[in-house]
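Here is a report on a two-chain model.

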Amino acid sequence: MPQHASPKRRMELEAPDRFRPVVDHELCKKCKKCVSECSYRALEFVDGAVKPIGGCVACGRCLSVCPAQCIEIRQIQSMFPPHANFNERVRRGIMSQATTGGVLLTSCGTDIPYPVMFDELLLDAAQVTNPAIDPLREVVETATFVGGRKGRLEVKENGHLHIEKEPGPMVAMDMPIMIGHISLGSVSYNAQKALFAAAKELNILAGSGEGGLHKDFNVFSQNLVSEVASGRFGVTGDYLKRTAAVEIKIGQGAKPGHGGHLPGEKVSALISQTRMIPLGTDALSPYPHHDIYSIEDLQQLISVVKEATEYKVPIGVKIAAVHNVGAIASGIVRAGADFITIDGFRGGTGSTPRIIRDHVGLPIEVAISVVDQRLTKEGLRNRVTVFAGGSIRSSADMIKAIALGADAVMVCTAAMVAMGCRVCQQCHRGVCSWGIATQREELVSRLDPEVAAARVVRLFRSWNEELKEILGAMGIDSVESLVGNRDRLRYFGPNSKIAEIMGVKHVGEGWG
Amino acid sequence: MTAYDVWGERKKVGPFDPTTAIERKEGCVIIHADRRDEDGRLIHYKVLNDLVRQIMLEGQRHIVLDGVMGHRYIASTANRKDLYIEIHGTPGNNLGAFLDGPTIEVFGNAQDMTGNTMNSGKIIIHGNAWDVTGLAARGGTLLIKGNTGYRVGIHMKEYAGTKPTMVIGGTSKDYLGEYMAGGTIVVLNLNGKVDGSPVGMHLGAGIHGGKIFIRGRVEPHQLGPGAVINQVGEEDAAELDPLVAQFEHAFKTWVPRDWGMWVKISPASSRPFSGHYDPTSI
């Protein structure tokens, strides 16, 4: 355990600020709203004027509340001598670690400009040989069923249908979107309430996250997926039985192989209650589940959760996309999971070491197609529902993820942005000025759950409409027919090896 | 009647009726878990647990499981406080997972993960309990007459009024009380020498709440990061006495109160990693 002596700070050696709010004093009405709204305390009212005093993170709260619209946030660029290799980011990391000696903490998804394969894929459309469908006038089905597709129907010789095997429990969603697991603790009560209310309104699923389920949220339980993570926070028999599905969290895209760590400052009375932990202590999630050291052990945890829920709800497993994701997914299906969630490395988080967020895992585009191909090859794909997550930014990403092999997508950051998040990557500090990733009451109250829920609802409704537009253009009348339909994708990028791995043809390649 | 193949899929077999395994007696219901179907197969854990659930729903307060042979997940999520489950034989992994109230007494050994994420209740084992016993328990009592395996009492945590306790009559192996966030573990070392060590390495690694009491010796090199070792004081003895008495009562035995031979392992801090990270975002 590292013991840091309290570092002697030398201001001139520390990294300078990246952003500065600039106030146009001629327009400023001196209402001081920006000063009181800045939870990072980057503004001060001195000598009759608002002045920046350092620490700005560009969250944009001040300029959004300014009645005179007189604040502009500028990026301070001139501080570092240009060097492409030792770039500013690298140098800032060194300076910060030299001061604190700690593991750099960050949040949200990685901000490194890695290539995004979603942006290198083009979709197909129907022309002449198959007719396009007008989704405004004809039915294009986007309902999605979550659960193990283990049923078998047989057609008897006399033409009668016979249910050879009952399907497992299934949950219906109106669109192929699930709001991912965002725990109470990482986000505020109001933020979680808004997400859950949106899920209920849209009739889709939302994840409870690792922090248990607040008693006020029982009304949403039929749209919730409860989570069993390594810390088992708030996991009781009742919690498992209440919700529409249960997910065993093995990993998260933003921090594969890393446990959770909710610092004691964030463990308020509310969090202590729902997580069932003492007030003010660190809530540590062990890195592994200590009862899972193999696929056989995972099978046991799946089985015990199935026993606990009396086989009435689907049980899933969430893993981070890592290098052998295909084989792992295959093992998970064989262990009896009804759905799998694959979380790509660009996925978001409320807190993670930057070294893991930025450098560990696989992009979801590759992971999902590898998993789909592997499960199909092994004859297992029809036994599970597959979710893809890890930076699904738009309906285009969603459609491409489905065509690459997902049944549905898991979305978090986009829903947060709809609620006000500006992706400033400060969630781990717990002072979110938008009232999302914080537990401070005065900040939490800034988020109106009803307004936020309505915005999330509108966002996903529009995505669903865009999905229908694309399906119609392709001449497909049900989203289920797009799942794993890689033939409707073409790769338009620099690396044809990627296309080969994803099982997607290069642009220009056709049937003959 | 259905049976299950290795994948847990339903499989048709002959007309074996599992309810024939139930025997009703005055004041209790006995389920004979060693009953076999006409193909000679032992009843599957799904069938056994289904029977147990049915009997629990009837409101029976005393259930006896006889001839248990490694049946897993027995009594998971059972939540009646006045329920007493008596098990003869060897229950399989995850006995009493998510348990919330009942008392389970095993006349034999238990396997791994007994009392997984238990909320309240009592599990008494008249034998050994092996790896990962009491994982993430946040309440209730585990009394084990014999020895335990690796990673016992991991991430036990206390919350509001509930506090998990575990008393082990014999020994335990490596990683006892890892990530521990509350509750009490007692290792009595009744079968070994009192000047020997009844525990393995990495004791209380990452402990940030709760206490571990050990009757016997613990060398500093056995401790995990974040754990500190102390002598048992008067206050500790007063806390230990009722726990030890509970053990004595459950197993009709006697435990010496030689507090001078005991040690106490406790966390150095409730925030072990507060200085580990650099939250400066850049």
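In chain A, S20(A), helix H11 (residues 395-404) and S21(A) make a right-handed β-α-β unit. Right-handed means that, with the strands pointing away from the viewer, the path from the first strand over the helix to the second runs clockwise. Helices (H or I, at least four residues) and strands (E, at least two) are DSSP runs, numbered from the N terminus.

This is a predicted model: local features need pLDDT of at least 70, side-chain atom pairs count only at pLDDT 80 or more, and totals for chains, interfaces and linings use all residues. Residues are numbered from 1 along each chain as its sequence is written, while chains are lettered from A and ligands numbered from 1 in the order in which they are written.

**Strand pairing**

Strands of a sheet pair through backbone hydrogen bonds, either parallel or antiparallel. Here two strands count as paired if DSSP finds at least two bridges between them.

| Strands | Sense | Bridges | One bridge pair |
|---|---|---|---|
| S11(A) (residues 177-181), S21(A) | parallel | three | Met178(A), Met410(A) |
| S5(A) (residues 103-106), S19(A) | antiparallel | two | Leu105(A), Pro353(A) |
| S5(A), S15(B) | parallel | two | Leu104(A), Asp278(B) |

Strand S21 of chain A spans residues 408-411. Which way do its side chains point? Ala408(A) and Met410(A) point one way, Val409(A) and Val411(A) the other. In a regular strand the side chains alternate between the two faces of the sheet. All four residues of S21(A) are buried. A residue is buried if 20 or more other C-beta atoms lie within 10 Å of its own, exposed if 12 or fewer, and partly exposed in between, with C-beta atoms placed from the backbone.

**Asn464(A)**

Asn464(A) lies in helix H14 (residues 449-474) of chain A. Is Asn464(A) buried or exposed? It is buried, with 21 other C-beta atoms within 10 Å. Not counting residues up to four places away in sequence, Asn464(A) touches Thr142(A) and Met175(A). Contact means that the C-beta atoms of two residues, placed from the backbone, lie within 7 Å. Pro176(A) is 288 residues from Asn464(A) in sequence, yet the C-alpha to C-alpha distance is 8.2 Å.

**Where the chains meet**

The contact takes 43 residues from chain A and 46 residues from chain B. On the chain B side, strands S11 (181-187) and S15 each supply at least two residues. That side divides into 17 nonpolar, 20 polar and nine charged residues. Ala, Val, Leu, Ile, Met, Phe, Trp, Tyr, Cys and Pro count as nonpolar, Asp, Glu, Lys and Arg as charged, and the others, Gly among them, as polar.

**Chain B overall**

Chain B has two helices and 15 strands. Its radius of gyration is 21 Å, close to the 19 Å that the globule rule gives for 282 residues, so chain B is as compact as a globular protein of that length. The radius is taken over C-alpha atoms, and the rule is 2.2 Å times the number of residues to the power 0.38. Along the principal axes, the C-alpha atoms of chain B fill a box of roughly 60 × 60 × 30 Å. Buried residues make up 49% of the 282. Of the contacts in chain B with a separation of 6 or more, 42% join residues 24 or more positions apart.
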